[in-house]
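Okay, thanks for coming, everyone. I'd like to walk you through one model today, so let me put it up on the screen.

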Amino acid sequence: MQTKFQNFLSIILVWMTSIVAMEVSAAEVRDIRVAQQEGVTRLVFELSSKSEHRIFPLSNPDRIVVDISDANLSNAVVNGLTALSSDVLMRVRYAKRNTGVRFVLDLAQAARAKSTVLSANDTYGPRILVELEYGKKKPATIVKSLANISQEKRDIVIAIDPGHGGKDPGALGQYKVREKDIVLSIAKELAKRINAVDGFKAVLTRSTDVYLKLRDRSRVAREANADLMISVHADAFTKASARGASVWALSLSGKSSEMGRWLAQQENSADLVGGISLDDKDQLLAEVLLDMSMNSTIQMSLNVGESVLGQMKGVAKLHKNSVQQAGFVVLKSPDIPSILIETGFVSNKTEAKNLSSRAYRVKLAASISKGVIGYFTKNAPEGTLVAWKQKKHSDYVYTVSKGDTLSQIARRNQVSLAVLRKANKLKNDVIWVGQKLVIPAG
């Protein structure tokens, strides 16, 4: 009898121990932050340890459900839920669900939701970022001329920064070549070529032989709302045999140091990072937003750099066949993709001679321009004239509706009847409801 009772107690003890172990291993939701941006609300769920989660929408009414497995809530989170709101987020509710927590985000309108797991770092544990993207109600459609629409679309802005200048000559090379003169010439030619393309605009940080501080160069790009910053340089080395052009983007170590600077210095607090001011955000949320912005910026910089490098290899010998990364100060704008181009080594006789030649500098600028234009033509930012033209002038399929005639469809889409017939292999103008017609680019 005693043995049976002891066995029973052992089972109970094991069961209770397992329950305690489960509770100890459960993650704690320590805090929830909300940030508001035009068309986007972001929530950051701060956890004590890593935990699985899932997210899905519900309608009638519109809601987003966030389930976090094996998790508990701190009292601070529970007490602070009523303060969480934004343009689209009306309130946040919660309930215990099995061993985890379910959050229900009540929305003022439908929103697209996505989540990202942010890894732990030296300061914070793992976090779950939930982004709610929503659109404002569109006003009544007004018919406008194509000319008016074109004028409303912005240019893609490329900031071009000729390195050094004024009291800072930069590298001094063979044939008395000065870096500041070479790069200014290339930058001006590059700007000229970019400005010649409809939908693009170049902005020079300096157009004369003047000295600019490194941070002032980035400031010029930011004030111009640049989509890309290109810093132009010409290298020098102790060995005259060193040669070749290269393209650089910001390194991860450079990113980390710059994040600390932006978060610590008051001068940066009101600057916009991806359209969001950091001055009213707590440390955790500011870091998350800055980290996201810089990760995106670095990746785009690498992509643009590869496009430029691919064109430069047809003109210049390359020092490296891929985009390199380093912590150059001029590349450290968290919200502006930036590349630094080393056009060659002025300490090398061959390259100093090439860079002294206007014809060579023109070819080099043309290749850089081609790489930049090529990238943005394939990846045109929304709201730009380039993006609008691509949508307007790409083929699409139209479904014939009741009352349509072929001539009406051609007129509405500004294509000739002959072109429309040819694109759809029509022998005559007979069409039927439901028929799919290809509207060709025109």
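Start with Thr343, which sits in strand E17, residues 338-345; strands here are DSSP E runs of at least two residues, helices are H or I runs of at least four, and both are numbered from the N terminus. This is a predicted model, so local features need pLDDT of at least 70 and side-chain atom pairs pLDDT 80 or more, while totals for chains, interfaces and linings use all residues. Residues are numbered from 1 along each chain as its sequence is written, and side-chain values use heavy atoms, without hydrogens and water.

Is Thr343 buried or exposed? Buried, at 3% relative accessibility; the cut-offs are under 20% for buried, over 50% for exposed, partly exposed in between, with a 1.4 Å probe and protein chains only. Leaving aside neighbours within four places in sequence, Thr343 contacts, among others, Ala245 and Leu364, where contact means heavy atoms within 4.5 Å.

Met312 touches Ala245 and Leu364 too, among the residues beyond four places away in sequence.

Now charges. Searching the whole structure gives 19 salt bridges, meaning a Lys or Arg side-chain nitrogen within 4 Å of an Asp or Glu carboxyl oxygen. Asp106 pairs with Arg91 at 2.7 Å, N to O, and with Arg93 at 2.8 Å. Asp106 is buried at 7%, whereas Arg91 is partly exposed at 48%, and so is Arg93 at 33%.

Last one: Lys114 and Glu131 form a salt bridge at 3.9 Å. Lys114 is in strand E8 and Glu131 in strand E9, so the bridge ties together parts 17 residues apart in sequence.
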